[in-house]
Amino acid sequence: MAERVLAHFDLEKAIALRWAMRDIIANRLKLMPLKQDDLQTLLELGFVEMRDGAPVVTPDGLAALE
């Protein structure tokens with residue numbers, strides 16, 4: 001179901017959201033900070049949550065990457 005949610009976005013936005021989640025998982029945020037609108041979208045979708053001030057990909061977010 002999570003993958004279908006990303007299908008509602010245009011291709012460029014869906015790709016950006018997927019890469020944002022991959023960057024969070026790989027701890028690349030110091031090198032490439034997230035765009036605020038991408039982070040907000042991922043938070044609203046429930047694909048990312050904030051823990052101790054840092055974004056963390058949720059199980060639903062991981063499912064969307066599969």
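**Entry 1: Pro-33 and the loop between α2 and α3**

I began with Pro-33, which counts as exposed at 65% relative accessibility. For the cut-offs I used under 20% relative accessible area as buried, over 50% as exposed and the range in between as partly exposed, with a 1.4 Å probe and protein chains only. Pro-33 sits in the loop between α2 and α3. I took elements from DSSP runs numbered from the N terminus, with helices as H or I of at least four residues and strands as E of at least two. From Pro-33 to Ala-20, 13 residues away in sequence, the C-alpha to C-alpha distance is 9.0 Å.

The model is predicted, so local features need pLDDT of at least 70 and side-chain atom pairs count only at pLDDT 80 or more, while totals for chains, interfaces and linings use all residues. Residues are numbered from 1 along each chain as its sequence is written, and side-chain values use heavy atoms, with hydrogens and water left out.

In the loop between α2 and α3 I also looked up Asn-27. Asn-27 is exposed, with a relative accessible area of 67%. Its phi is positive, about 55°, although Asn-27 is not a glycine.

**Entry 2: the chain as a whole**

I noted 4 helices and 2 strands in the protein chain. Read from the N terminus, the order of elements is α-α-α-β-β-α. The radius of gyration is 11 Å, close to the 11 Å that the globule rule gives for 66 residues, so the chain is as compact as a globular protein of that length. I took the radius over C-alpha atoms, and the rule as 2.2 Å times the number of residues to the power 0.38. Along the principal axes, the C-alpha atoms fill a box of roughly 30 × 20 × 20 Å.

Of the 66 residues, 32% count as buried. The accessible surface comes to about 4,700 Å², and 56% of it belongs to carbon and sulfur atoms. Areas come from the Shrake-Rupley method with a 1.4 Å probe; for residues, only the protein chains shown count as cover.

I then looked up contacts, meaning heavy atoms within 4.5 Å. Among those between residues at least 6 apart in sequence, 49% join residues at least 24 apart.

For charges I have 8 positive and 11 negative, with mean positions 5 Å apart. Lys and Arg count as positive and Asp and Glu as negative, while His and the chain ends are not counted. Each charge is placed at NZ of Lys, CZ of Arg, CG of Asp or CD of Glu.

**Entry 3: the nonpolar core**

I define a nonpolar core as a set of buried Ala, Val, Leu, Ile, Met, Phe, Trp, Tyr and Cys residues joined through side-chain atoms within 4.5 Å. The largest has 12 residues, among them Leu-17, Met-21, Leu-42, Phe-47, Val-48 and Val-57. At least two residues each come from α2 (11-25), α3 (36-45) and α4 (59-65). The most come from α2, with 4 residues.

Leu-42 is in contact with Leu-17, Ala-20, Met-21, Phe-47 and Val-48. For Val-57 the list is Met-21, Ile-24, Ile-25, Phe-47, Val-48 and Leu-62. Val-57 lies in strand β2 (residues 54-57) and counts as buried at 12% relative accessibility. The C-alpha atoms of Val-57 and Asp-37, 20 residues apart along the chain, are separated by 16 Å.

Leu-43 is part of helix α3 and counts as partly exposed at 29% relative accessibility. Not counting residues up to four places away in sequence, Leu-43 touches Val-48, Glu-49 and Met-50. Trp-19 is 24 residues from Leu-43 in sequence and 15 Å away, C-alpha to C-alpha.

I found Asp-52 in the loop between β1 (48-51) and β2. Asp-52 counts as exposed at 87% relative accessibility, and its phi is positive, near 55°, in a residue other than glycine.

Thr-58 is in the loop between β2 and α4, yet counts as buried at 8% relative accessibility. Beyond four places in sequence, Thr-58 touches Gly-46, Phe-47, Val-48 and Glu-49.
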